[in-house]
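Subject: Structure handover

Hello,

Please find the structure below. My notes on it follow.

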Amino acid sequence: MAWFNKASDADLVQSMELVSAAAEEARQNGDKKREAAFHRDLNGMLDESERRGFPRWGR
């Protein structure tokens, strides 16, 4: 089980924002492996947010 499955709603949202920014930074720096890793984490967070009934984030 991923850590974010146990996170509070506020912590999950904040983590999604941070991971999104980190993925963008990795993309800008050309670090494709790091960007892909952040996107994998973000996809898990999005799945968890949808499971909790959050509005869809443009997916």
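How many aromatic pairs does a search of the whole structure find? The search finds 1 aromatic pair. Rings of Phe, Tyr and Trp (its six-membered ring) pair if their centres lie within 6.5 Å; planes under 30 degrees apart count as stacked, over 60 as edge-to-face and the rest as tilted. The pair is made by Trp3 and Phe4, with ring centres 5.5 Å apart and planes at 80°, so it is edge-to-face. Phe4 has 7% relative accessibility and therefore counts as buried (buried means under 20% relative accessible area, exposed over 50%, partly exposed in between, with a 1.4 Å probe and protein chains only).

Before the rest, a note on the basis. This is a predicted model, in which local features need pLDDT of at least 70 and side-chain atom pairs count only at pLDDT 80 or more, while totals for chains, interfaces and linings use all residues. Residues are numbered from 1 along each chain as its sequence is written, and side-chain values use heavy atoms, with hydrogens and water left out.

The chain as a whole: it has 2 helices and 0 strands (DSSP runs numbered from the N terminus, H or I of at least four residues for helices, E of at least two for strands). Of its 59 residues, 31% count as buried. The C-alpha trace spans about 35 × 25 × 15 Å along its principal axes.

The helices: α1 covers residues 9–28 and α2 residues 32–51; they pack at an angle of about 155° with their axes 9 Å apart. Axes are lines fitted to C-alpha atoms, for helices over the stretch in contact, and angles run from 0 to 180 degrees between N-to-C directions. That angle makes α1 roughly antiparallel to α2 (over 145 degrees; under 35 is roughly parallel, 65 to 115 roughly perpendicular, the rest oblique). The residues in contact (heavy atoms within 4.5 Å) include Leu12, Met16 and Val19 of α1 and Phe38, Leu42 and Met45 of α2.

The segment after α2: Phe54 is placed here. Is Phe54 buried or exposed? At 16% relative accessibility, Phe54 counts as buried. Leaving aside neighbours within four places in sequence, Phe54 is in contact with Asp9, Leu12, Val13 and Ser49. The C-alpha atoms of Phe54 and Asp9 are separated by 9.2 Å, with the two residues 45 apart along the chain.

Regards
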